[in-house]
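Student: Hi, I have a new structure open and would like to talk it through slowly. Could you help me find my way around?
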Amino acid sequence: MAMMIPYGQRITPDDRTTTSRGLMRPRPGGRALRVAVATVLALWFALPLVPLLLWAVANRWSFPAPLPTAWGVDGLVTALEQGAAPAFGRSLLLGLAVAAIATPLGALAARALTRGIVPAPRLVSALLLAPLALPAFVAVMGLTVLLLRARVPATLAVLLLLVAAALPYTVYTMRVAYAAHDLAYEEEARTLGASRLAVLVRVHLPLVAPGLARAAFLAFLVGWSDYVVTVLVGGGSLVTLPLLVGSYAAGVGNEAIVAVLSLGAIVPPLVLLLALGRFGRRYPTARFTGPTPSRSPKGSP
Amino acid sequence: MSASLTLDSLVKVFDDPARPAVDGVSFAVAPGECLAILGPSGSGKSTVLRSIAGLDVPSAGRILVDGTDVAGLAPERRGMAMVFQRPLLFPHLSVLDNVAFAATVAGQPKREARADATQFLELVQLAGFGSRPVTALSGGQEQRVALARALAARPRVLLLDEPFSALDPQLRGDMHVLLAAIRAQLAPTVVMVTHDRDEAAVVADRVALLQRGRLLQHDTVERLYTRPDSLEVSRLMGGRNELPGTVIGGVHRSAAGGVPAPEGETWAEGSGVLVVRQEALQVAAAGASAPEGFVALAVVVADRRARGPRAELELAVITDDAPDARPDSLGSTRLLAEVPASRPLAVGDRATVLVPRSACTVVAG
């Protein structure tokens, strides 16, 4: 016997339907909560910058005073005298070099792992992620001896170690990118007459470009912000911005210099992050404003 | 633009050598012909197509294009463009640059490549869509652009891998019309993979029917339906009527009675299964006599199933063993016939089924 449900009557009661769809709808008070959380987060990130900004333009700031007691740019002048500009340049170069080496390596490893052409893929993944689990200090102490014995120049040794430290980030980021990447695009391009090189340049790289940009950004940060490896392996021969910050922060009464150097250290990552937000997004989306003579409803094939 | 294509005992083994994905498939496609490779899922039809394109390397056998073996030739040097089920339009290029892709990678200046691409957009009735991002297209439009992009590569053989399967029936129909227009204008050699019998019948000149990696029959669409080589072919093509029996003196004898071979044809003597399409059977009033070329069988309607504009009748044959039409005494010999849904035949009604001799074939059991 068929179920007797009159036409027009819904099997699911309306209120239950809306409740289930309400999963997608903000809860009452949800908006206020979101705003509150966002505000707290913004304060958490921004507050440390406030004393930093003040210290950078303070010649003197005695303890109980709420604001600097003497304004000025002595900190900036001293920082520049102590070689902040070349250190900034060396850090920049180091970060770029790490990104330039670790990004393609990470991409190659990720592509091989995603395509399943690697023997023992779990072991290889674990090894590639190992530098994250291993305290940098432990690895560096052992490797310093090895690299010194092998007479590897200090700067090159620092670079090699930082590339290894950056690999987990680039591999992971590129695995995410390749998981979403469709090899069929490349096959299609091949059948259309594109050589392997043309496929790489015209299809493969443009498609994974956002992932590459993210991976390169993370690798840059590893090189840009490293302290331990540069100190222990570089042995002071490679003076980067973090080294300068570290040495001044260890002393007393250098707050203004440390503040200036720290602010300088924020700039390149910030610029890159903004560039990533601007250029790192995927392809033009359908903002086409003209008439779209779509003959099938939106979302259907 | 069109070349001949010949497959010579193509074999492709993936993992298990005992179960090749493609097992000795041979066929030939004439220049300008459209061949449909038809088969259920996992029959190896896509592997055949990918081997032709050079995306899979065959384990054995030869693929000849205009008589030349293309083994060892990279996909981009084979001159074959492929359209997949998904449109796979490059998301970082505009619609026009997608269509101009083949010309661009061939080294043509951008302006000429785009001018050329414009013609092909017009060919697929999407003139003026060139400057759009590919995300501003509907599913049917995307597949049209994919087709234009493939045609713009001037393929010697155009390969279509279930290109219209993801479209709704109306759009699929439009694409079939478009493909027919393209074939009339450019006469490309086309090899199309599909699992849809009706699509193969509409689009293709000939059909290669595959099952479990083996070529069952390579023939015209009509012959696949009316003259299947085997019981497997008949079943894959949707044939529902199978009467096991024996051919004696050119007449097939089964529980339903004797059916002589069609004029001008002979059936092999011995046991065999008579197959006849359910669409070919005619249902007449009870007691009707057989016209020339038909065999009449007395039947009772045992079941009736709605099939949209048609109705499917299960007819129990009244044999000498069970002369009365009481349901419990009906024999197990059943025939299936399709009639217009408007025919007022109900379960239990007596009727006569007219079997056209010309629609009958005997295949090995």
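Tutor: Let us go through it by topic, keeping in mind that this is a predicted model.

Student: Okay, how many helices and strands does chain A have?
Tutor: Chain A has 13 helices and two strands.

Student: And what share of chain A counts as buried?
Tutor: Of its 301 residues, 33% count as buried. As for the accessible surface of chain A, it comes to about 18,800 Å², and 70% of that belongs to carbon and sulfur atoms.

Student: What about contacts along chain A, how much comes from residues 24 or more positions apart?
Tutor: Taking the contacts in chain A with a separation of 6 or more, residues 24 or more positions apart account for 70% of them.

Student: Then why is the pair of A:Phe220 and A:Trp224 called stacked?
Tutor: The ring centres of A:Phe220 and A:Trp224 are 5.7 Å apart and their planes stand at 15°, so this pair is stacked. Planes under 30 degrees apart are what counts as stacked.

Student: Where do these two sit in the chain?
Tutor: A:Phe220 and A:Trp224 are four residues apart in helix H10 (residues 196-225) of chain A, which means that about one helical turn separates them. An α-helix has 3.6 residues a turn, so residues three or four places apart point the same way.

Student: What is the strand order in the six-strand sheet of chain B?
Tutor: That open sheet has the order E6-E7-E8-E3-E9-E10, and its pairing is mixed. Strand E6 (80-83) and strand E10 (214-220) of chain B are the edge strands, each pairing on one side only. On average, and with direction ignored, neighbouring strands of this sheet are turned by 15° against each other.

Student: How do E3 and E8 run, parallel or antiparallel?
Tutor: Strand E3 (residues 34-38) and strand E8 (residues 189-194) of chain B run parallel and are joined by five bridges, and B:Ile37 stands opposite B:Val193 in E8(B).

Student: Which strands does helix H1 of chain B lie across?
Tutor: Helix H1 (residues 45-53) of chain B lies across E3, E6, E7, E8 and E9 of that chain, and runs at about 150° to E7(B).

Student: What about the five-strand sheet, what is its order?
Tutor: This open sheet of chain B is ordered E13-E12-E11-E14-E20, with antiparallel pairing. Strand E13 (257-260) and strand E20 (360-363) of chain B stand at the edges with a single partner strand each, so one side of each has no neighbour in the sheet. The twist from one strand to the next averages 40°.

Student: And how many residues lie between E11(B) and E12(B) in their hairpin?
Tutor: There are two residues between E11(B) and E12(B), and B:Gly249 in the turn has a positive phi of about 60°. Four bridges join these antiparallel strands; B:Ile248 has B:Val251 as its bridge partner in E12(B), while B:Gly245 stands opposite B:Ser254.

Student: Last one, is B:Gln143 buried or exposed?
Tutor: B:Gln143, which has its place in helix H5 (residues 139-152) of chain B, counts as buried at 2% relative accessibility. Leaving aside neighbours within four places in sequence, B:Gln143 is in contact with several residues, including B:Val83, B:Phe84, B:Pro163 and B:Met175.

Note on methods:
Residues are numbered from 1 along each chain as its sequence is written. Chains are lettered from A and ligands numbered from 1 in the order in which they are written. This is a predicted model: local features need pLDDT of at least 70, side-chain atom pairs count only at pLDDT 80 or more; totals for chains, interfaces and linings use all residues. Side-chain values use heavy atoms; hydrogens and water are left out. Buried means under 20% relative accessible area, exposed over 50%, partly exposed in between (1.4 Å probe, protein chains only). Contact means heavy atoms within 4.5 Å. Accessible areas come from the Shrake-Rupley method with a 1.4 Å probe; for residues, only the protein chains shown count as cover. Rings of Phe, Tyr and Trp (its six-membered ring) pair if their centres lie within 6.5 Å; planes under 30 degrees apart count as stacked, over 60 as edge-to-face and the rest as tilted. Two strands pair if DSSP finds at least two bridges between them. Axes are lines fitted to C-alpha atoms, for helices over the stretch in contact, and angles run from 0 to 180 degrees between N-to-C directions.
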